[in-house]
Amino acid sequence: MTELKPRGLPQSIDETLDLLTASNYVADRALATVLFLSLRMKRPLFLEGEAGVGKTEIAKVLAESLGRRLIRLQCYEGLDVSSAVYEWNYAAQMIEIRMEEASGAVERSAMERNVFSEKYLIRRPVLDALTGKAGAAPVFLIDELDRTDEAFEAFLLEILSDFQVTVPELGTIRAEEPPIVIITTNRTREIHDALKRRCLYHWVDYPDAARELEIVRTKVPQANSRLSAQVVSFVQRLRQIDLFKVPGVAETIDWAGALTELDKIALDPETISDTIGVLLKYQDDIARIGQGEGRRILDEVKAELAAAE
Amino acid sequence: MRRLRFLSLLWGGVRGRGMTGAAPITVARPDPEGRMADNIVYFARALRKAGMRVGPASVKDAIEAVLAAGIGGRDDFYWTLHSVLVSRHEDHAVFDEAFRLYWKSRELVEKMLAMFSPVAPDRRERVKPRAAENRVSQALFEGQQKNRLPREVPEIEVDARFTAAGDEVLRGKDFAQMSAAEIAQAKKAISELRLPFDLVTTRRFKPDPHGRRVDPRAMMRSASRMGGELILPKFRSARQVHPPLVVLADISGSMSQYSRIFLHFLHALTEKRRRVHAFVFGTRLTNLSRQMRHRDPDEALADCALAVKDWSGGTRIGEALAEFNRLWSRRVLGQGAIVLLITDGLERDDVEGLAGEVERLHKSCRRLIWLNPLLRFDGFEPRARGVRAMLPHVDEFRAVHNLDALADLVASLDKRSAQGVDPRRWLEPAARFAA
């Protein structure tokens, strides 16, 4: 692992935007603004949006460009304190007890001190995130918060307001500098208002055509420029159709990558129907676009691009 | 001076300099020996009957508060009592109505106002019943209205039962208010409700002496308490919770006679369980989850009545389900939700579309329970095309024998009344009608 060189936080919205651009993340000004504010005000950033619009990526890019450690807490149903905050190493503790018994000197308070010492504490992401040094606070990504349950959400509420955790046997552990918290959710469940209130909220939307084209050019630089323009325009039109699940940016990048791997330099109806599985993941949607509608959209795309040239 | 005379009439005596007529005072100190205390006690008793939590301690506080604050006017008196007797926001409506009725019926505050106000109090007839009015007046005048005919329960503007209309008719609706007995009954019924497949095992644990998993954390803690001499085994087992419940209720013309029961049911359910999402549909889909969170049932129903624009209109089940699938299913059907679909299945529009949407709904939830009030008739046959389209895609097809009371609705959903809910027994007759 390379040594991290923590950098200072950006001092303006423009600097934030530059920071993201330098790390190949094409952001709009709204996102840069809310990110800058969250860094400046030391408030968690709450990112909501459809799957595949680059929410998690923001945290990764931020950690990388600021030279901070990225601590990721992937949420799932049933996430509890022992897998999110800390756990004791029970096997080692039991051996310690046996050793002390064998050595004969069993003094209750000393034993409790020894058994419940930092040596036997297993740190999980939340506790990890609270141990940043001043000027080098880690980026704490709480990913897909909607997957966990309300009980954990309530616990998180406490963490996010005080940035401290109490381990009964050790006492309170407080962050020297609060971590940069980024929370993402796919909205498969409504998050309680009390938690949202403590954060800065941003809805990450699908990008517009120009920005999406820029993203594709950044992420798939080897793709033919005509192909990328067609891909982006096609996806943009797909998003206007009433599909069950419209493709996200991640799908656009995948599709551009897939078509490049197939050595395509332009879209044609056969290629679309062969590779549509990269874009659409529901059979109803695929059937609909495969039958005729895909061809119609492609014609529109071609006409539009021809007019633009 | 007039005012003081009135107050003395009210409370039997007045302390203060005002009696000498020297300085006009604005606040009179009522005598606790008089009728004031009795009146407040009766008033508090009425509030309790209307469902508010008013204990003897708060009655005592109320009397003390009135003594401390004195009476500056109807508003002051109102807010003095309010500050002591109302401790939950949702009780405000009940208190407000009780105050209005009680102090009017006793002609106390009204008289007081009339005596020192040149303008007669505003006593216009109100058109709409206020929230909680029914309950409060029942609590106040209990025993005096035996001869009164029961009020007509919900107002139905057009009786369009057994007809399916695709046209959109927007109507407002007023619901008869809940009586205290109804609310108590609803709470009891809901607390006894055991839905089928109603518990899911989570990955969280609870201490359980009969559990099968060892709980090392508890073991170490208890061992360290005893100085580590004994490490006794502790056990835990997986915790079980209710999955989210999503209710989709049809409020179109053919179902309109049941809508009050549905809403009442939804409200009681929302109060009882944590994750309940309520939707109603006629020609459009309305999410009522927020409105239902109002603790007072009358206020919740009044909010619902305002939020829904298509009461007793036509039916577009397919479209409503399509909208649900597209906009809401991913947001509310996570974590293994059970869906209750309450509709008669009388769809006129696009039956093929309906089948597809029900199929999608079925695939995105843990269990789809269809409750059909038409099934209660002995001669029910899956003749309607909408019913035939939906039948293959539901897990349970349940009947409601009598939808006039909430208890019946609850009983029909209970897992203990599980015979004959398999939709497959209707598939064969349905196929016959299709042929």
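**Exercise 1. The sheet of chain A**

Determine the strand order and the pairing sense of the open five-stranded sheet in chain A of this predicted model, and identify which strands stand at its edges.

*Solution.* 

Step 1. The five strands follow one another in the order E2-E5-E8-E1-E9, and their pairing is parallel.

Step 2. The edge positions belong to strand E2 (70–74) and strand E9 (200–203) of chain A; each has a single partner strand, so one side of each is left without a neighbour in the sheet.

Step 3. From one strand to the next, the twist averages 20°.

Step 4. Within this order, strand E5 (residues 139–143) and strand E8 (residues 180–185) of chain A run parallel and are joined by four bridges. In this pairing A:Phe140 stands opposite A:Val181 of E8(A).

Step 5. Helix H3 (residues 55–66) of chain A packs on the sheet, where it touches strand E1 (45–48), E2, E5 and E8 of chain A. The direction of H3 makes about 160° with that of E8(A).

**Exercise 2. The surroundings of A:Thr166**

State in which element A:Thr166 lies, and which residues it is in contact with once neighbours within four places in sequence are left aside.

*Solution.* 

Step 1. A:Thr166 belongs to strand E6 (residues 164–167) of chain A.

Step 2. With neighbours within four places in sequence set aside, the contacts of A:Thr166 are A:Gly171 and A:Thr172.

Step 3. With A:Thr172 there is a polar contact from side chain to side chain, at 3.3 Å.

Step 4. A:Val85 is 81 residues away from A:Thr166 along the chain, and the C-alpha atoms of the two are separated by 10.0 Å.

**Exercise 3. The six-stranded sheet of chain B**

Describe the open sheet of six strands in chain B: its order, its pairing, its edges and the helix H13(B) that packs on it.

*Solution.* 

Step 1. The order is E8-E7-E6-E9-E10-E11, with mixed pairing.

Step 2. Strand E8 (285–287) and strand E11 (396–399) of chain B are at the edges; each has a single partner strand, so one side of each lacks a neighbour in the sheet.

Step 3. On average, neighbouring strands of this sheet are turned by 20° against each other, direction ignored.

Step 4. Strand E9 (residues 338–342) and strand E10 (residues 367–372) of chain B pair in the parallel sense over five bridges. Here B:Ile338 stands opposite B:Arg367 of E10(B).

Step 5. H13(B) packs on the sheet and touches strand E6 (245–250), strand E7 (276–281), E8 and E9 of chain B. Its direction makes about 160° with that of E7(B).

**Exercise 4. The partners of strand E5(B)**

In which sense do E3(B) and strand E4 of chain B pair with E5(B)?

*Solution.* 

Step 1. E3(B) pairs with strand E5 (residues 235–241) of chain B in the antiparallel sense, over five bridges. The bridge partner of B:Val200 in E5(B) is B:Val241.

Step 2. Strand E4 (residues 213–214) of chain B also runs antiparallel to E5(B), and two bridges join them. B:Val214 stands opposite B:Phe235 of E5(B).

**Exercise 5. The interface of chains A and B**

*Solution.* 

**Exercise 6. Salt bridges**

How many salt bridges does the structure hold over all chains, and how many are found across the interface of chain B and chain A?

*Solution.* 

Step 1. The structure holds 28 salt bridges over all chains.

Step 2. Eight salt bridges are found across the interface of chain B and chain A.

Step 3. The side chains of A:Glu169 and B:Arg221 form a salt bridge with an N to O distance of 2.3 Å.

Step 4. Another salt bridge joins the side chains of B:Arg290 and A:Asp193, at 3.4 Å from N to O. B:Arg290 lies in helix H11 (residues 289–292) of chain B and A:Asp193 in helix H9 (residues 193–197) of chain A, so this pair joins two chains.

Notes: Residues are numbered from 1 along each chain as its sequence is written. Chains are lettered from A and ligands numbered from 1 in the order in which they are written. This is a predicted model: local features need pLDDT of at least 70, side-chain atom pairs count only at pLDDT 80 or more; totals for chains, interfaces and linings use all residues. Side-chain values use heavy atoms; hydrogens and water are left out. A salt bridge is a side-chain nitrogen of Lys or Arg within 4 Å of a carboxyl oxygen of Asp or Glu. Two strands pair if DSSP finds at least two bridges between them. Axes are lines fitted to C-alpha atoms, for helices over the stretch in contact, and angles run from 0 to 180 degrees between N-to-C directions. Contact means heavy atoms within 4.5 Å. A polar contact is a pair of N or O atoms within 3.5 Å; within protein, one must be able to donate a hydrogen and the other to accept it, and residues adjacent in sequence count only if both atoms are side-chain atoms.
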